[in-house]
Amino acid sequence: TEIVLDPCAGVAALLLELAKHWPRGRFVGLELDGEVASKGHANIMASGSGDRVKLELGDATAMSMPDASVDVVLSDLPFGRQHG
């Protein structure tokens, strides 16, 4: 099982899409904004992927994950654009 991290996960859209195509992956996202993270949690629950996709409220510059605990890091950065 590979651990995939999105340190700027937003509403978890990228993690959920990857989970559809990466059956052995476990997905962890971090989101700094509590309102956005709440939407991400709702998306995860609606998708039925809560057993493989986790979203944590947190700052990517201060992650509590141990060194070498992640296999893949990726993100889809909005570059300052807000998407509803």
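Tutor: A definition to start: helices (H or I, at least four residues) and strands (E, at least two) are DSSP runs, numbered from the N terminus. This is a predicted model, where local features need pLDDT of at least 70, side-chain atom pairs count only at pLDDT 80 or more, and totals for chains, interfaces and linings use all residues. Residues are numbered from 1 along each chain as its sequence is written, and side-chain values use heavy atoms, with hydrogens and water left out.

Student: How many salt bridges does the structure hold?
Tutor: One. The term means a side-chain nitrogen of Lys or Arg within 4 Å of a carboxyl oxygen of Asp or Glu. Lysine 20 and glutamate 17 form the bridge, at 3.2 Å, N to O.

Student: Where do lysine 20 and glutamate 17 sit in the helix?
Tutor: Both are in H1 (residues 13-21), three residues apart, so about one helical turn separates them.

Student: Is lysine 20 buried or exposed?
Tutor: Exposed, with a relative accessible area of 62%. Glutamate 17 is partly exposed at 38%. The cut-offs: buried is under 20% relative accessible area, exposed is over 50%, and partly exposed lies in between (1.4 Å probe, protein chains only).

Student: Which residues of H1 are buried?
Tutor: Leu15, Leu16 and Ala19. Down the helix axis, the buried residues fall within an arc of 100°, so they line one face of H1. That arc is taken over the directions from the helix axis to the C-beta atoms. Lys20 and His21 are exposed on the other side.

Student: What do the buried residues of H1 pack against?
Tutor: E1, E2, H2 and E3. Contact here means heavy atoms within 4.5 Å.

Student: Switching to the sheet. What is the strand order?
Tutor: E3-E2-E1-E4, four strands in an open sheet with parallel pairing. E3 and E4 (72-73) are at the edges with a single partner strand each, so one side of each has no neighbour in the sheet. Two strands pair if DSSP finds at least two bridges between them.

Student: How many bridges join E1 to E2?
Tutor: Five, between E1 (residues 2-6) and E2 (residues 25-31). Leucine 5 stands opposite valine 28 in E2.

Student: And leucine 57, which strand is that in?
Tutor: Strand E3 (residues 53-57). Leucine 57 is exposed at 57% relative accessibility. Beyond residues up to four places away in sequence, leucine 57 touches Glu31, Leu32, Asp33, Gly34 and Ala37.
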